[in-house]
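Work through the exercises below with the sequence and the model side by side, and try each task before reading its solution.

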Amino acid sequence: MLTAGQILQLIRKGTCRTRKELIEYTGLSRSTITDRVDRLIDAGYIHESGVGVSGGGRPPSVLDVDATRRLLLVADLGASHARVALTDLAARPMAEERAEMRIELGPDAVLSWVREAFQRMLDRAGRPTGDVCGVGLDLPGSVDHATGRAIRSFLMPGWDDHPVGEAIGSMFDVPILVENDANAMALGEWWSSWRGTDSLILIKVSTGIGTGIVLDGQIYRGVEEAAGNIGHVRLRETDDRVCTCGSRGCVASLASGHALATDLGMTSSRDVVRLVHAGDPGAIARVQEAGRTLGVVLATAVSLLNPGVLVLAGDMAQTREHYLTGIREVVYRRSLPYTTRNLKIVTSSLGDRAGIVGMAVIVMEHVLSPASVDAALAARSDAAS
Ligand SMILES: [Zn+2]
């Protein structure tokens, strides 16, 4: 027998739009469907509105997700910036704030800014904390998705093992999801542009190199939450350059924005982007070469997973396609034509909003999942009795 949470999925996907369609589709009795639907309406998940296709007589009401009664709060933290958003339950942004902020300031300073920004957005929207039903935050490093702790990151000194979820959760009594930034970006790109494709790999190349993998519409994290860590594959073990991880010859030490900036005598990956935009031939050649170097590892990833899309994001996506061209060249040359026949290799369409969009979708999907909805409804009826 389908639960209320499962009934909600039929309404969300547009499989059933009226009580009558639910009865016909599920084979459940009218009283069971009425019970499930009424509980979903009372709890604010759905509402009845509009007019359905009528077979004569009074037109039936159309059931739809009520996106306005409940809200989501999300944050996207990069190495040097932070972005927060307040969205409705359909992950549509209602307010957004961005700040230059270095993650190396540490968790206390960064997370207190996030908490203040969350409160500011709620105050401006005139909405109470109680309207928030899910919170999410992504970080530029590995996270333990289950416990909401930062695991380790070479970009995030001082964050090791920090209970990020708890630090934000003190403000809210709702699910708090913590995610790696490339994972969030991958899901954001998939959701906004590639939902017709089962699988997508996103490579973020800014200061470092990160990867997010979406398989069958879900983030693939791996058993140690380390899936996608291709930046530290050691391509040239005898190379002189020491990587941020301490090894030699990692892809990141050859092809990251940091590596390029060092080679070109600059400070940051954004300086490299500026050189390319100014038409500096040395910088353009070096950027293409870096794309080819990363392409070697990506050819393996593409051969292994046969994704529909490879998305380049981060600062190197803004090098007038020079980095992308290097990747394309090598991935196509080193893979079976059969594997790459329908592969699209593109730059990010959401740019620096990919993380925040993905995080909102991750929280929405969690909050509206059958298990979460059924647990929330059970808690409501416990509280009522
Ligand atoms: Zn490394």
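**Exercise 1.** Determine whether F118 and F172 are buried or exposed, and describe how their rings are arranged.

*Solution.* F118 has 0% relative accessibility and therefore counts as buried, the term meaning under 20% relative accessible area, with a 1.4 Å probe and protein chains only. F172 is buried as well, at a relative accessible area of 8%. The model is predicted, so local features need pLDDT of at least 70 and side-chain atom pairs count only at pLDDT 80 or more, whereas totals for chains, interfaces and linings use all residues. Residues are numbered from 1 along each chain as its sequence is written, and side-chain values use heavy atoms, without hydrogens and water.

Next, the two rings form an aromatic pair with 6.3 Å from centre to centre and 65 degrees between the planes, which is edge-to-face; rings of Phe, Tyr and Trp (its six-membered ring) pair if their centres lie within 6.5 Å, and planes over 60 degrees apart count as edge-to-face. Finally, the partners are 54 residues apart, F118 in helix α4 (residues 107-125) and F172 in the loop between α5 (164-169) and β9 (176-180).

**Exercise 2.** Which arginines lie over the faces of Y45 and W191?

*Solution.* Over the face of Y45 lies R70, at 4.4 Å from the ring centre. Over the face of W191 lies R195, at 3.7 Å from the ring centre. The criterion places CZ of Arg, or NZ of Lys, within 6 Å of the ring centre and within 35 degrees of the ring normal.

Terms used:
Phe/Tyr/Trp six-rings, centres within 6.5 Å; stacked < 30°, edge-to-face > 60°. Helix = DSSP H or I, 4+ residues; strand = E, 2+ residues; numbered from the N terminus. Buried < 20%, exposed > 50% of the residue type's maximum accessible area, 1.4 Å probe, protein only.
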